[in-house]
Amino acid sequence: MIDARKFYLNGQWVEPVSRKEFPILSPVSEDQIGVTILGNEEDVDKAVAAATEAFKSFCLTPKDERLDLLERLLKITKNRFDDLAWAMTKEMGAPISMSRDSQADSGIGHLEGFIDSLREMVERETLSNGDILVREPIGVCGLITPWNWPINQIALKVIPVLATGCTCVLKPSEHTPLSAKIYAEIIDEVGYPPGVFNLIQGDGPTVGAALSAHKDIQMMSFTGSTRAGTDVSRRAADTVKRVTLELGGKSPNIVFSDCNLEKRVTESVKECFLNSGQSCDAPTRLLVERSCYIEVLEIVKRAALSQKVANPMEEGDHIGPLFDKIQFDRVQNMIKVGIDEGAELLVGGTGRPLGFEKGWFVKPTVFSNVTNDMRVAHEEIFGPVLVIIPFEDEDEAINIANDTPYGLAAYLQTDDMNRAERVSSKLRAGAVHINGGGFNYGSPFGGFKQSGNGREGGKMGLEDFQEVKTLHFG
Ligand code: NDP
C-alpha cells in the first residue's frame with residue numbers, strides 16, 4: 001500500500017492536522033492501492049507560515065547558489081527517474097514506456113531548460129536613462145497541479161520558484177499524490193532550506209480555495225479546468241495576487257491536401273490519443289480539406305483501429321486507462337452526446353474495449369461529419385476521442401479553428417511553407433505545431449483566450465515568478 005499521509009512542511013515530513021483519509025485507487029484494477037490525507041485550512045496556514053519565514057532569507061540567495069542547487073536537483077531527479085515513472089503509471093495509468101519517455105522525462109527536460117534560462121538571465125541591469133532595473137522573486141507562491149501530467153506540471157511550477165528565489169506551497173491533485181511525494185523527497189535530498197518548498201495533499205475546494213484566498217501568498221500558479229481556474233482567480237482577487245493559469249483546450253489540427261496525408265494523418269491520430277487523450281493541448285479537432293476528406297477518413301480509420309489499448313505496466317506504445325472513474329464517466333457521457341447529436345461514429349463508441357471488464361479503459365473513438373456547433377466539437381472531452389470536420393478553403397479552416405473559447409495550441413499539416421506562415425499568423429493559439437513539430441523544453445507554453453494566461457517553461461516561465469524593481473538615483 002502506498003502511504004502518502006504525511007505532508008512535507010518546513011523541511012520535515014509531518015502528520016497533518018486533518019485526519020480525513022482519501023483512498024488512492026488503481027485505474028487498472030479499481031482496487032485501493034494507497035492512502036493520502038486531505039488537508040484542511042489549518043494545514044494550509046502552517047505551510048504558508050513556513051514558506052513566509054523561509055522567503056525572508058531564500059529571496060536573497062545569489063544566482064550562483066541557486067544554480068548550484070538546481071544542478072543538484074537535476075542529478076537527484078535523474079537518480080529517481082524510474083521511481084517517478086513507476087509512480088505515475090501506478091497512480092494515473094500512463095503506460096510505463098510513455099511514463100518514462102514523456103511523463104518523467106519532463107521533470108528533467110524542463111529543469112535543463114530553466115537552468116539554461118537562469119544562467120542567461122540578467123537580474124540587474126542599467127537602463128539607457130541611468131536607472132537600474134532589478135528582477136526579484138515575487139514571494140510565497142501557491143501551486144495547484146492536476147493529475148494528467150503530474151510531474152510535468154510540478155516541474156513547470158516548482159522549478160521556477162526555486163530558480164528565482166521564491167518559496168511555495170504545492171497542492172497536487174489528490175488523485176496523484178505519490179509522484180508529488182517522490183518529488184518532495186528529491187527536493188529534501190537536494191538540501192533546500194526548510195520552508196522553501198512545502199507539500200500539502202488535499203482537494204481543490206478546501207486546500208486549493210484556502211491557498212487562492214490566503215493573505216500571505218503573493219502568486220497563484222494553477223493548471224486544470226477553466227472552471228477551477230476562474231474560481232482561483234476570483235478568490236485571489238481580494239488580495240490582488242498575480243494569477244497564472246494553464247487551462248483547457250480544444251486544439252484544431254488543419255489538414256491541407258498538399259501534405260503527406262498518410263504520414264501526417266496517422267501521426268495526428270496517435271498524437272490525439274497520447275496519454276489516453278488527457279492532455280490540454282491534444283489535437284482533438286481534425287479539420288480536413290474537402291478535396292481529400294474521403295481519403296483522410298480511410299487513413300484515420302486505419303490508424304484509430306490500430307491504436308492498441310493495454311495494461312500500463314506493459315512496455316509498448318499502447319494507451320492505458322483514464323485516470324479515474326470520474327473521467328471515465330465524463331468521457332462515456334461525451335461519446336453518448338456525440339452519437340445523440342448526430343455525429344457519425346467512425347471508430348469506437350461507448351463501453352470498454354474488448355477484453356476489459358474493469359479499469360477505466362476507453363475505446364479510441366472517432367466521429368466524422370462533425371459540425372463545429374456540436375458539443376463534441378467545442379467541449380474539452382479529455383479522453384481518446386477525435387472529431388473530424390470538413391472545410392472548403394483556407395479562410396473557412398481558420399474560422400473553424402478559431403471558433404472556440406480556447407486558444408492553447410493549433411496544428412497544421414501542409415507542404416506549402418508560405419501557407420504555413422500565413423495560416424499560423426491568423427490562428428489564435430499559444431503554439432502552432434507544423435508538420436509534427438513538437439514542443440522543445442525551454443520554450444514557453446501557454447494559451448490565448450480561455451486557455452489561460454502567463455507562460456510556463458524557460459525564460460518567460462521564470463519571469464512570471466519575478467517582480468521588477470527600478471532604482472532611481474539622485
Ligand atoms: P480540476 O480543474 O478540477 O482539477 C485540477 C486541479 O485543480 C486539482 O488539483 C484540483 O483539486 C484543483 N481544484 C479543483 N477545484 C479547485 C478550486 N475551486 N480551487 C482551487 N483548486 C481547485 O479538473 P478535474 O480534475 O475536475 O477535471 C475536469 C476537466 O478539466 C477535465 O475533464 C479536463 O477537461 C480539464 N483539465 C484540464 C487540465 C489541463 O491540463 N489544462 C488538467 C486537468 C483537467 P481536486 O482534484 O481536489 O479537484
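Guide: Buried means under 20% relative accessible area, exposed over 50%, and partly exposed in between, with a 1.4 Å probe and protein chains only. This is a predicted model, where local features need pLDDT of at least 70, side-chain atom pairs count only at pLDDT 80 or more, and totals for chains, interfaces and linings use all residues. Residues are numbered from 1 along each chain as its sequence is written, and side-chain values use heavy atoms, with hydrogens and water left out.

Visitor: What makes H6 largely enclosed by the rest of the structure?

Guide: Of its 14 residues, 10 are buried, so H6 counts as largely enclosed. The buried ones are Pro177, Leu178, Ser179, Ala180, Ile182, Tyr183, Ala184, Ile186, Ile187 and Val190. Helices (H or I, at least four residues) and strands (E, at least two) are DSSP runs, numbered from the N terminus.

Visitor: How do you know that the length of H6 agrees with its number of residues?

Guide: The expected span of a helix is 1.5 Å times one less than its number of residues. For the 14 residues of H6 (residues 177–190) that gives 20 Å, and the end C-alpha atoms are 20 Å apart, so the two agree. After H6 comes glycine 191, with a positive phi near 95 degrees.

Visitor: What makes a set of residues a nonpolar core?

Guide: The set must be buried Ala, Val, Leu, Ile, Met, Phe, Trp, Tyr and Cys residues joined through side-chain atoms within 4.5 Å. The largest such core has 62 residues, and Tyr183 and Phe197 are among those with the most contacts inside it. Helix H5 (residues 150–164) gives the most to this core, with 9 residues. Apart from it lies another core, of 32 residues, including Ala343 and Phe367.

Visitor: Why is H7 called oblique to H8?

Guide: The axes of H7 (residues 204–213) and H8 (residues 226–237) come within 7 Å and cross at roughly 40 degrees. Axes are lines fitted to C-alpha atoms, for helices over the stretch in contact, and angles run from 0 to 180 degrees between N-to-C directions. Angles under 35 degrees count as roughly parallel, over 145 as roughly antiparallel, 65 to 115 as roughly perpendicular and the rest as oblique. That makes H7 oblique to H8. Ala209, Ser212 and Ala213 in H7 are in contact with Val232, Arg235 and Ala236 in H8, where contact means heavy atoms within 4.5 Å.
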